[in-house]
Amino acid sequence: PDNLTLRDTLVAKDDARTHRVLVVMDEALCRAQPSLVGQVNRYFDRHGDRLKLVCDPMQFEGGERTKNSYFHVSEIHSKIEMHHIDRHSYVIAIGGGALLDMAGLASSTAHRGVRHVRIPSTTLSQADSGVGVKNGINAFGKKNFIGAFAPPYAVINDFDLLSSLNDRDKRNGYIEAVKVALIRDREFFEWIEGNAEALAAFSPEPMRQLIHRCAELHINHIATSGDPFEFDSARPLDFGHWAAHKLEQLSEYRIRHGEAVALGIALDVVYT
Ligand SMILES: NC(=O)c1ccc[n+]([C@@H]2O[C@H](COP(=O)([O-])OP(=O)(O)OC[C@H]3O[C@@H](n4cnc5c(N)ncnc54)[C@H](O)[C@@H]3O)[C@@H](O)[C@H]2O)c1
Ligand SMILES: [Zn+2]
């Protein structure tokens, strides 16, 4: 409750108003960090002068399964309607990239878009998707078939959230850093090479630096490329992603996004 980052972010725009907040959380994260839901409740109790948590945090199963049906989106829509989440209110999603994509779609379609805040809890989502502008779920066996481009109101990376990830999901985000370094920043690529052992051992400081630089390069690209909503066919951030999306689908999402991108990059560099 003493950390004012979230509070200050939410109240920054309108001085006097009390903002209504709906929180959506990743079930696996809540299981792995059992005190988290209580902490969220206490945070809003403490800052009740300006923020009102409209109900207990909603919890949804995380991972790709959360994106495989429309059901969760409509559950969030229903809470948004029931608790009068309007365009001055917030939907805060705390979880992995899949949960953020799903909750982002619900937020960006209710009332044609309510403010949504992302608090990513995996290496991949902190380094990449959290700062992106894409939201969506899968349909007809196709990844991200139903979706919307909508920038989040804010993204808050809390490195402590990563502590409960298994090694596979810790490592899963690294490849997006390798990708963006290859296309944008040679020095960063050499830094990754030099720190490979420490990163493989999940040493906290190099991990934090990798996530920070990777997110920064992604934001810079989105903000300055002149094509944030991907109307052109040149999409450098999608390096390795064509094969990746296919691999994810073919494996029925048993291959993680980061793992698939690693294979996709390997394929692209051989065939191009
Ligand atoms: N919108 C975008 O721009 C964009 C970019 C890249 C990837 N993505 C999407 O993100 C998704 C992958 O996201 P991801 O790699 O973050 O994995 P994920 O969301 O699938 O999460 C992996 C697993 O970890 C669990 N989990 C999350 N945080 C945890 C924590 N702190 N402790 C313990 N368990 C935790 C989840 O419940 C899930 O089971 C894919 O659907 C991918 O397409 C979107
Ligand atoms: Zn990606």
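# Helix packing and domains

User: At what angle do helix H8 (residues 174–184) and helix H11 (residues 204–224) pack?
Analyst: Helices here are DSSP runs of H or I with at least four residues (strands are E runs of at least two), numbered from the N terminus. Axes are lines fitted to C-alpha atoms, for helices over the stretch in contact, and angles run from 0 to 180 degrees between N-to-C directions. The axes of H8 and H11 are 9 Å apart, and the packing angle is about 55 degrees.

User: What kind of model is this?
Analyst: Residues are numbered from 1 along each chain as its sequence is written, while chains are lettered from A and ligands numbered from 1 in the order in which they are written. Side-chain values use heavy atoms, leaving out hydrogens and water; local features need pLDDT of at least 70, side-chain atom pairs count only at pLDDT 80 or more, totals for chains, interfaces and linings use all residues, and the model itself is predicted.

User: What is the handedness of the crossing of H8 and H11?
Analyst: Angles under 35 degrees count as roughly parallel, over 145 as roughly antiparallel, 65 to 115 as roughly perpendicular and the rest as oblique, so H8 and H11 are oblique to each other. For handedness, a near helix turned anticlockwise from the far one by less than a right angle is left-handed, and clockwise is right-handed. Here the crossing of H8 and H11 is left-handed.

User: Which residues of H13 make the contact with H8?
Analyst: H8 and helix H13 (residues 257–271) pack at about 40 degrees, with axes 9 Å apart. H8 brings Ile175, Glu176, Lys179 and Leu182, and H13 brings His257, Gly258, Val261, Ala262 and Ile265.

User: Is the crossing of H4 and H5 left-handed or right-handed?
Analyst: The axes of helix H4 (residues 71–82) and helix H5 (residues 97–109) come within 9 Å and cross at roughly 45 degrees. That makes H4 oblique to H5. The crossing of H4 and H5 is right-handed.

User: What area is buried between domain 1 and domain 2?
Analyst: An automatic or database assignment sets the bounds, giving domain 1 (5–161) and domain 2 (166–271). Buried area is the accessible area (1.4 Å probe) that two parts lose on being put together, summed over both. Carbon and sulfur atoms give 71% of the total, which is about 1800 Å².

Definitions and conventions. Contact = heavy atoms within 4.5 Å.
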